[in-house]
Amino acid sequence: MLTAYFFIEAFRAELLAELNSKSEEILFQTEGFLAVRARAIDSVWAQQTLTNAGLIDFQSIGEAVKKLQALHKGPWMGASVSHHRRASLIAEKLRCRPQQPISFLDPKALKPKSVFCLLEQNRLLASTQAFPNFPQGVIHFEETKAAPSRAYLKLWELFTIHGFHPSGKDVCLDLGSSPGGWTWVLSQLGCRVLSVDKAPLAPELLRNRKVTSIKRDAFNLDPRQIVEEYGPVDWLFSDIICEPQRLLELVEKWRARSAIPNYVCTVKFKGSSDLKTLAQLLKLPNSRAHHLFHNKHEVTWVLRGSS
């Protein structure tokens, strides 16, 4: 069983730590790429995972193309990790198309694609089960200037790639929201948003009937009081800049004192990645974490119940 991972090189140590691979299991590695003789894990740090991968030996470009087409008719994506010119010739013959920017919630984002990469001059690795289905996990959107900050791209990526998002019937609590990038995304989905921050929201959001601005410190909120004043909440969102341990304490408080079933929080790191606190968050039932393409030194942690 072969699995390959594309990742941000700066987070190689984090990926290796979660893989816990022995040196003899590593088949091939180069900058931002690792292939191992092991089953795939639900990786936090991988930008793209190629599961159930296989090796294909060939002698010519034409033979490589025929063997890939016999494995899967396509569409194929070529990922260049070595022998770049030869890999590009194979991609041309397979008619691999450059990835174009996509729209928010574009259904094409969920359609499976196959990926090949050249490990040696006459050996390639191929997978028909690549996730996400963007070259090396790099996703570009048809961006908008309507959002008050570029933080909106993190939610766009999460919802588009992973195929879930709040419905227009849901009530969302956005902690530490200013200037309102995430509040803007949620309001565009039709959600009622309780937007919490001592700093002001963007003026257009203050005029939005879907948005209620609560000028309070997110860490000092009483969950029971919020529910008493505004009713039940379906989702808690947080893109607050704080230490991971403080975020964990915040999540634990809301889980203990409210019935909110769904959480989406950015775990932001300073210096080294706080893997211990991240592991504590991941112990919570039905939770996952993803290092999104639009994340920096941070990951997006998600806990999904029902709404």
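# Reading the terms on a predicted model

Visitor: Which exposed residues does the face of helix H2 turned away from its buried side carry?

Guide: That face of H2 carries Lys-66 and Ala-70, both exposed. The word is a matter of relative accessible area: exposed means over 50%, buried under 20%, and partly exposed in between, with a 1.4 Å probe and protein chains only. This is a predicted model, in which local features need pLDDT of at least 70 and side-chain atom pairs pLDDT 80 or more, whereas totals for chains, interfaces and linings use all residues. Residues are numbered from 1 along each chain as its sequence is written, and side-chain values use heavy atoms, without hydrogens or water.

Visitor: What makes residues 61-71 a helix with a buried side?

Guide: A helix is a DSSP run of H or I with at least four residues, a strand is a run of E with at least two, and both are numbered from the N terminus. Helix H2 spans residues 61-71, and its buried residues are Ile-61, Ala-64, Val-65 and Leu-68. They cover an arc of only 95 degrees around the axis, so they lie on the same side of H2. The arc is that of the directions from the helix axis to the C-beta atoms.

Visitor: What do the buried residues of H2 pack against?

Guide: They pack against strand S4 (46-57), strand S5 (76-78), helix H3 (84-93), strand S6 (114-120) and strand S7. Contact requires heavy atoms within 4.5 Å.

Visitor: Why is Gln-69 called partly exposed?

Guide: Gln-69, a residue of H2, has a relative accessible area of 38%, and this value falls between the two limits, so Gln-69 is partly exposed. The C-alpha atoms of Gln-69 and Leu-94 are 8.1 Å apart, although 25 residues separate the two along the chain.

Visitor: Is Thr-49 buried or exposed, and how do you know?

Guide: Thr-49 is in strand S4. Its relative accessible area is 14%, below the limit for burial, and therefore Thr-49 is buried. Beyond residues up to four places away in sequence, Thr-49 touches Thr-3, Ala-4, Tyr-5, Ala-40, Gln-129, Ala-130 and Phe-131.

Visitor: Why is Thr-128 called partly exposed?

Guide: Thr-128 has a relative accessible area of 32%, which lies between the limits, so the term applies. Thr-128 sits in the loop between strand S7 (123-127) and strand S8 (129-131). Leu-71 is 57 residues away in sequence, but its C-alpha atom is 8.2 Å from that of Thr-128. Apart from residues up to four places away in sequence, Thr-128 touches Leu-71, His-72, Trp-76, Lys-113 and Ser-114.

Visitor: What makes helix H4 mostly covered?

Guide: In H4 (residues 152-162), 10 of the 11 residues are buried, including Tyr-152, Trp-156, Phe-159 and Ile-161. Among the elements covering them are S8, helix H5 (181-188), strand S12 (235-238) and strand S13 (262-268). Gly-163, with a positive phi near 70 degrees, follows H4.

Visitor: How do you know that the buried residues of helix H9 share one side?

Guide: The buried residues of H9 (residues 275-282) are Thr-277, Leu-278 and Leu-281. Their arc around the axis is only 100 degrees, so they are on the same side of H9. They pack against H8, S13, S14 and S15.

Visitor: Which residues touch the most other members of the largest nonpolar core?

Guide: This core has 41 residues, and Trp-45, Leu-173, Leu-175, Leu-236, Trp-254, Val-299 and Trp-301 touch the most other members. Helix H8 (residues 244-257) gives the largest share, five residues. A second, separate core has 31 residues, Phe-134, Ala-147, Cys-172 and Leu-201 among them.

Visitor: What makes such a set a nonpolar core?

Guide: The term requires buried Ala, Val, Leu, Ile, Met, Phe, Trp, Tyr and Cys residues joined through side-chain atoms within 4.5 Å. Leaving aside neighbours within four places in sequence, Leu-173 is in contact with Leu-194, Val-196, Val-233, Trp-235, Leu-236, Phe-237 and Trp-254.

Visitor: What is the omega of the cis peptide bond between Phe-131 and Pro-132?

Guide: Omega is about -10 degrees there, and Pro-132 belongs to the loop between S8 and H4. The bond from Ser-178 to Pro-179 is also cis, with omega near 0 degrees.

Visitor: Why is His-83 called partly exposed?

Guide: The relative accessible area of His-83 is 37%, which lies between the limits, so the term applies. His-83 is not a glycine, yet its phi is positive, about 45 degrees. His-83 lies in the loop between S5 and H3.
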